[in-house]
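A short report follows the display.

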Amino acid sequence: KKAKLPYVKSIHDFDFSFQPSIDERRVKEVLSGRYIHNGENILLLGPPGVGKTHLAISMAFEALTQGYQALFITANDFIAECQKAEKQGLIQQIIKRYSRPELFIMDEIGYFAFDELSAHTLFQIISRRYEHGAMIITSNKSYIEWGKIFGDEVLATAILDRLIHHSTTINIKGDSYRLREKKKAGIQP
Ligand code: ADP
Ligand code: MG
């Protein structure tokens with residue numbers, strides 16, 4: 001699929017009762033898609049396994065269903081794409097590709113550090129999208145740790161400033177769904 005979703009997850013498969021820190025009404029409000037029309041951002045934060053990617057994919061899928069263009073990439077794949085593009089002199093094309101769609105989803109910021117090139121490329125994309133192109137970002141790291149992820153406190157602050165200005169943050173505090181499934185199967189985590 002053009003949006004490059006890694007797989008399809010529906011909001012109907014999401015068990016809100018397992019994750020009481022998530023306000024189901026706010027998620028449903030996001031799914032209505034108004035943030036895309038308004039060029040606002042959705043930030044999904046929380047530890048591994050709490051459903052950030054599942055929710056991000058559900059939101060992206062809903063956006064596609066409503067006829068919006070969306071593009072999904074993990075932070076790690078983005079870093080790899082930037083490194084490859086630079087060798088071929090194609091960084092401007094990366095910036096264009098991810099600035100254009102009405103919705104841009106970057107999943108899993110925080111597991112790997114951005115090098116200088118990919119950090120600056122992401123900053124340019126976020127600057128171009130600011131106040132007109134919606135984004136969904138997921139991260140396992142709190143904002144104070146973003147300086148380390150981007151290797152530059154000033155750049156991290158500039159990125160966060162633009163992301164947060166018009167945004168909804170969904171902060172998930174709870175147990176990993178993956179571990180719950182292991183526990184049910186009798187496997188010790
Ligand atoms: P994260 O991105 O926060 O690390 P994921 O979204 O990848 O977590 O969730 C891990 C797995 O558990 C996925 O298969 C996802 O579909 C499932 N999952 C997580 N939370 C829930 C939930 N509340 N209800 C149903 N499935 C869930
Ligand atoms: Mg994830």
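How do the residues of the lining of the second largest pocket divide into nonpolar, polar and charged? They divide into six nonpolar, one polar and four charged, where Ala, Val, Leu, Ile, Met, Phe, Trp, Tyr, Cys and Pro count as nonpolar, Asp, Glu, Lys and Arg as charged, and the others, Gly among them, as polar.

This is a predicted model, in which local features need pLDDT of at least 70 and side-chain atom pairs count only at pLDDT 80 or more, while totals for chains, interfaces and linings use all residues. Residues are numbered from 1 along each chain as its sequence is written, chains are lettered from A and ligands numbered from 1 in the order in which they are written, and side-chain values use heavy atoms, with hydrogens and water left out.

**Pockets and cavity**

On a 1 Å grid over the protein atoms alone, a cavity is a set of points where a 1.4 Å probe fits but cannot get out, and a pocket is an open set with protein on both sides within 12 Å along at least five of seven lines; lining residues have an atom within 4 Å of a point. Grid points are joined across faces, edges and corners, and a volume is the space filled by probe spheres set on the points.

| Space | Volume |
|---|---|
| Largest pocket | about 410 Å³ |
| Second largest pocket | about 230 Å³ |
| Largest cavity | about 30 Å³ |

The largest pocket is lined by 19 residues, of which Gly-49, Gly-51, His-54, Tyr-177 and Arg-178 are the closest to its centre. Helices α3 (52–65) and α9 (177–184) each supply at least two residues of this lining; helices are DSSP runs (H or I, at least four residues) numbered from the N terminus. By class, the lining has seven nonpolar, five polar and seven charged residues.

The largest cavity is lined by residues including Arg-129, Glu-131, Arg-162 and His-166. Its lining divides into two nonpolar, three polar and three charged residues.

**Helices α4 and α6**

The axes of α4 (residues 75–87) and α6 (residues 116–129) come within 9 Å and cross at roughly 100°. That makes α4 roughly perpendicular to α6 (an angle of 65 to 115 degrees). Axes here are lines fitted to C-alpha atoms over the stretch in contact, with angles from 0 to 180 degrees between N-to-C directions. Phe-78, Ile-79, Cys-82, Gln-83 and Glu-86 in α4 meet Leu-117, Ser-118, Thr-121, Leu-122 and Ile-125 in α6, contact meaning heavy atoms within 4.5 Å.

Definitions and conventions
Parallel < 35°, antiparallel > 145°, perpendicular 65-115°, else oblique.
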